[in-house]
Amino acid sequence: MYKYIVKRILLMFPTLIGAAMLVFFLLRLIPGDVCELRLAGTGLYADPAEIELCRTNLGLNDHIMVQFADFVLGFFILDLGESMWTGKAITFEIGLRFQLSLQVAFMATFVAVIISIPLGVISAVKQDTWIDYVVRTFSIFGIAIPSFWLGIMIILGLLISTQALLGEPWMPPIWYVSPFEDLGANMAQLIWPAVATGYRYSAVATRMTRSALLEVLREDYIRTARAKGLLEKIVINRHALKNSLLPVVTIIGIEFAFLMGGLVVTEQVFNLNGLGKLFVESVLNNDYSMTQALVMIVVTVFVITNFVVDLFYAWLDPRIRYS
Amino acid sequence: MRNVYSKLALSLALGAGFALGAVGTAGPAHAIKKGGILNFVVGSKIPSYDLHRETTFGVIHPIRPFYSLLIRINPDNPSSPTDFICDLCEGAVPKGTDGGKTFTFKIRKGVLFHNGEKLTAADIVATYKKIIFPPEGVPSARKAFFKMVDSVTAPDDFTVVFKLKFPSGSFIPAVATPFNIVVSKQDLDKHGYNWHKKNINGTGAFSFVQHQPGSFVEGKRYDRYHHAGKPYLDGFKAIAAPKMAIRLQAIRGDRAAIEFRGFPPKARDDLVKALGDKITVQESDWNCALFYTPNQGRKPFNDVRVKKALSLAVDRWGGAKYLSRIAIVKTVGGVVFPKHPLAATKAELLKLTGYATDMKANRAQAKKLLAEAGASGLKIDFSNRGVDQPYKVVGTWLVGQWKKIGLEVKQRVQPSGPFYATLRKSKDFDISIDFNCQSVINPIADVTKFLGSAGNNYGSYEDQTLEDIYDKLLRAAKESDQRVLMREFETRALSDQVHMGITLWWYKINPHRSYVKGWKIAPSHYLNQSLDQIWLDK
């Protein structure tokens, strides 16, 4: 098992270096720069000398390989530098948003898991009954409806329904409050995006749970378990479900990693100051240093998540670690 | 770029003597109530806290309330471009002496920075030296506005003297520019010129509490503010909300009371429909114009017949009627801010190429000109900015207008970064959307945009005749002479050579919660943002 873990860790490094090269050079292919936007993008008089001075101060006039070396070195010594747009430390900017993104990711995962596992199991056990059809329809809707659209509908629904019921429209808070400061305000803001994204997430996981469980239920050892006279509850929970969870765990892992940086549109819909929103803003501002750092963080989260999922696989299925 | 800085500096306020009418007002109707927190939404981001180096309203709205200016526009009469009042100075705004070359400001006594330090003339001098004569490597976005300034000195602790190289009516409006916040000399001496990028210490109505980047800026009432009895609010929270839908819903759901930039008409109507008299709407012409700029570095856009045809195809009067229902544009105008005394009257506008109301005749003439130029059915690469209001809306309308004269227009919409790279660097466009948005209204300064030599002109043309007219305009002392020359300039730029085409001037619409009192709309989203006049009626 240790050999397996070491091998998996060593494989992470070439992945990270490849990603660093890609993000650095691809970003520079996008036309425009942060100084043009800051000084000329408002329509006010723009002094070309000031734009050039801004470029010099940000190091954009340095040789591209010097810029690349600074970036890679900074990443490996965990010094991500400063945002070209705000001038604040990138670690500070990301740290501010990380808590929110992590909380939304956990809450959405929680919503997804409590919906998907029971529904997937019920759907498989009651295959081709009306219950199965209802669950499948519910999950198809979840896949078909984009989270951001559902988010917009949730906000509009809240505004309209509260105005009708209370006389004054209510919408979720639009700035983040830590749960340690005010749990009520925190939940009032984050429960809605968690539901909007968790629903789509649960739909995928429900379908995966159902199909994986159906496959396992047809295995010989399940027949044997039933032949031994075990209770159906034990057959399902102890013998079938655990073995059907491998692909479900994979989906949950990938989706969780995606939620950490990929809630780009949903964060905008709910005005969440998370990593996704920061990502969009930094790309739109041509903030190279911030975009590079964010991409590398997302890549790192994906790599680590995959690593953890692989370990979980090995724990669930001994054949993997022994091979 | 020849002489543009000096022209700009000379001109900044030569024409700034004219009153403008805002459509709506929101003056206090009854006794002012003190207290409360004003939540407002801001659609742009904060690059740094240093207003001397920044240009976006995204930093004006949340940061300006922490600082004071030497002089400012009158918050009770913000639609007038000439009504300046003292903020950190005392008495009336000084008139120039020594033939208009010396301005002496008496500084208020007893003004304290938020850190407790006393404000003196030395702080004003240090501030303006940072703006006008920054050390090498220190950015200052508006130093070109002060090319007329020779020196700024403090003969004593409460007197500041500006000596000008030449008399200039542009000086006072340039001083009133809302980006010219007064900072502490001690901070500059102790911490250097970059300190204000990340730190705040002003004398404004509110003191800084916290900034969560990407989320909000929070300020609290500064009890020792130099305008007695103000501010009325206990504090404010400027909430970042890049999406317009969120800003709109925030006002509807009362998470925010106001947004100071402006909403499109549909958003106003939706809010009013949903909330009735809980919403108050203030509207004003906006000192922003949306242009299209042909790239005269490319054939056949250097052919005046083609440029005239492009302008003749555009139904401005029809557009004003219909586009104003869906976009933040409304007013047909020439090179000067509409309703300004230097602006063209409707009769004068109608004489310009493309401004006549008979669109059938205009378009027939356009087709004829295109045929003469051998450009019938011309294919056009039209570069536009990927922002809905008003760029994409008006851009799509323009495409339709040009198609009516047989042109084949492909609209290329790009995010702001690549759009500016196309406009300013690669210049690989046939026609581009372009705009001019200024804070303090000054037509003679603002029209430098039309000069081929200007740093923010992207038409790739040289026109010495236009430059010569502008030189005369700069030196014209009388308003009547300015008006004649302005018409000559306008005719040359928009009608004879058609260097650029003006579509419509923007229109500012600020729907806000009716409990917000004391704030009056200005013709620019950069102006009247000290927040010290605002109170909450709830």
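## Ground rules

Since the model is predicted, local features need pLDDT of at least 70 and side-chain atom pairs count only at pLDDT 80 or more, while totals for chains, interfaces and linings use all residues. Residues are numbered from 1 along each chain as its sequence is written, chains are lettered from A and ligands numbered from 1 in the order in which they are written, and side-chain values use heavy atoms, with hydrogens and water left out.

## Domains

Chain A splits into domain 1 (32–79) and domain 2 (90–322); bounds like these come from an automatic or database domain assignment. The centres of the two, taken over C-alpha atoms, are 37 Å apart. Contact (heavy atoms within 4.5 Å) involves 7 residues of domain 1 of chain A and 7 residues of domain 2 of chain A. About 640 Å² is buried between them, with carbon and sulfur atoms giving 70%; buried area here is the accessible area (1.4 Å probe) that two parts lose on being put together, summed over both. On the domain 1 side of chain A, Leu37(A), Phe71(A) and Phe75(A) lose the most area, together 57% of what that side buries.

Chain B has domain 1 (9–257 + 515–536) and domain 2 (286–507). Their centres, again over C-alpha atoms, are separated by 32 Å.

## Where the chains meet

Between chain A and chain B, about 4,900 Å² is buried, and carbon and sulfur atoms give 55% of that. Chain A puts 57 residues into the contact and chain B 65 residues. The salt-bridge count between the chains is 6. One links Arg513(B) to Glu168(A), with the closest N and O atoms 2.9 Å apart.

## Nonpolar cores

A nonpolar core is a set of buried Ala, Val, Leu, Ile, Met, Phe, Trp, Tyr and Cys residues joined through side-chain atoms within 4.5 Å. Buried means under 20% relative accessible area, exposed over 50%, and partly exposed in between (1.4 Å probe, protein chains only). The largest core has 163 residues, and Trp402(B) and Phe450(B) touch the most other members. Helix α5 (residues 90–125) of chain A supplies the largest share, 11 residues. Apart from this core lies another, of 39 residues, including Val42(B) and Phe260(B).

## A mixed sheet in chain B

Helices (H or I, at least four residues) and strands (E, at least two) are DSSP runs, numbered from the N terminus; two strands pair if DSSP finds at least two bridges between them. In chain B, 5 strands make an open sheet with mixed pairing, ordered β7-β8-β9-β1-β10. Its edges are β7 (206–212) and β10 (258–259), each pairing on one side only. Strands β8 (residues 216–221) and β9 (residues 235–240) of chain B run antiparallel, joined by 5 bridges, and Phe216(B) sits opposite Ile239(B) in β9(B).

Two cis peptide bonds turn up in chain B. Lys299(B) and Pro300(B) share one, omega about 0°, with Pro300(B) in the loop between β11 (279–294) and α9 (304–312). Gln389(B) and Pro390(B) share another, omega about -10°, and Pro390(B) lies in helix α13 (residues 388–403).

Leu78(A) isn't a glycine, yet has a positive phi of about 60°; Leu78(A) is exposed, at 69% relative accessible area. Asn528(B) also has a positive phi, near 60°, but Asn528(B) is buried, at 11%.

Conventions. Salt bridge = Lys/Arg side-chain N within 4 Å of Asp/Glu carboxyl O.
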